[in-house]
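Hello,

Here is the structure you asked for, handed over with some notes on its salt bridges and its pockets. Please look through the notes with the model open beside them.

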Amino acid sequence: MRSVYHKADTRGDANHGWLHSKHSFSFANYYNPDRMGFGALRVLNDDIVSGGMGFGKHPHKDMEIISIPLSGDLEHKDSMGNTTVIKEGDVQVMSAGTGVQHSEYNKNKGEEVQFLQIWIIPNKEGVTPRYDQITLDSDKLQNNLYQILSPNKDDEGVWVHQNAWMHLGTLEKGYKSNYTFKKEGNGLYAFVLNGTINISGNKLEKRDAIGIWETNGVVIESLENSKILLIEVPM
């Protein structure tokens, strides 16, 4: 088993006034040659956007882009004709493929919106752009590592053009489970949203992360009421 440990306070910090972003990996003006991604996981941004503000229309190409709102309402518009609002409990995916433009704004002027922006490098280029979003059943997250993303369009959650899986769990103190990797050669990037988690002997607190690979699975134990995101990707 090999691993890399990322404490919350070691992430890149970009404060633009209207946007405060924490970068787990090199992004925009934050560059760290030791943090260019984790396997096919290229970006994990922890964003807070002020009321009424947001990202104007901008292009993407050949990237699987996943947004997970943590609080507030985020309005999405794109060149495919989609205008939607995503909120806590939703998961949004966009395959940029041959090229797409989109904007993301905080729909409310009186409160912040907080969301995770995740980029996964696809296993095929030049696909037709597409958009999808789902609303999770919060009951299925309770004391469960619930699948929210996979490579299979007929499976639970949204899907992407990559042998990647994502699981989300709201775990009570004392919860313990084995997570078995879905595909040989994959690694797991575990990101603690809240609480304290022990992963195969490594203690992680709020916004800490650990990447683990060259193993078949890990043991996950919640040391207090916690919430965790698991991202499994090819290495």
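D46 is buried, at a relative accessible area of 6%. Please keep in mind for this and everything below that the model is predicted.

Salt bridges

D46 forms a salt bridge with R11, and their closest N and O atoms are 3.2 Å apart. The two residues come from distant parts of the chain: D46 sits in strand β4 (residues 41-49), while R11 is in the loop between β1 (2-6) and β2 (12-15), a separation of 35 residues. R11 counts as buried because its relative accessible area, 11%, is under the 20% cut-off. D46, at 6%, is buried for that reason too.

How many salt bridges are there by the rule used here? The count is 8.

Another of them is between the side chains of K22 and D13, with 2.5 Å from N to O. K22 is partly exposed, with a relative accessible area of 25%. D13 is also partly exposed, with a value of 45%. Neither is classed as buried, because that class requires a value under 20%.

K87 and D90 form a salt bridge too, and here the closest N and O atoms are 4.0 Å apart. K87 is partly exposed, with a relative accessible area of 41%, whereas D90 is buried, with a relative accessibility of 2%.

Some salt bridges share partners, and in this way R11, D46 and R207 are joined into one network. The pair of D46 and R11 described above, with its 3.2 Å between N and O, lies between two of these residues.

Largest pocket

What volume does the largest pocket have? The space in it comes to about 170 Å³. Its lining consists of 15 residues, and those nearest the centre of the pocket are L19, F27, N45, F55 and Q117.

Which strands each supply at least two residues of this lining? They are β3 (19-23), β4, β5 (54-60) and β11 (113-120).

By class, the lining of the largest pocket is made up of 6 nonpolar, 7 polar and 2 charged residues.

Regards

Note on methods. Residues numbered from 1 in each chain as written. Predicted model: local features only at pLDDT ≥ 70, side-chain atom pairs only at ≥ 80, totals over all residues. Heavy atoms only, no water. Helix = DSSP H or I, 4+ residues; strand = E, 2+ residues; numbered from the N terminus. Buried < 20%, exposed > 50% of the residue type's maximum accessible area, 1.4 Å probe, protein only. 1 Å grid on protein atoms, 1.4 Å probe; cavity = no way out; pocket = protein on both sides within 12 Å on 5 of 7 lines; lining within 4 Å. Points joined across faces, edges and corners; volume = space filled by probe spheres on them. Nonpolar A, V, L, I, M, F, W, Y, C, P; charged D, E, K, R; others polar.
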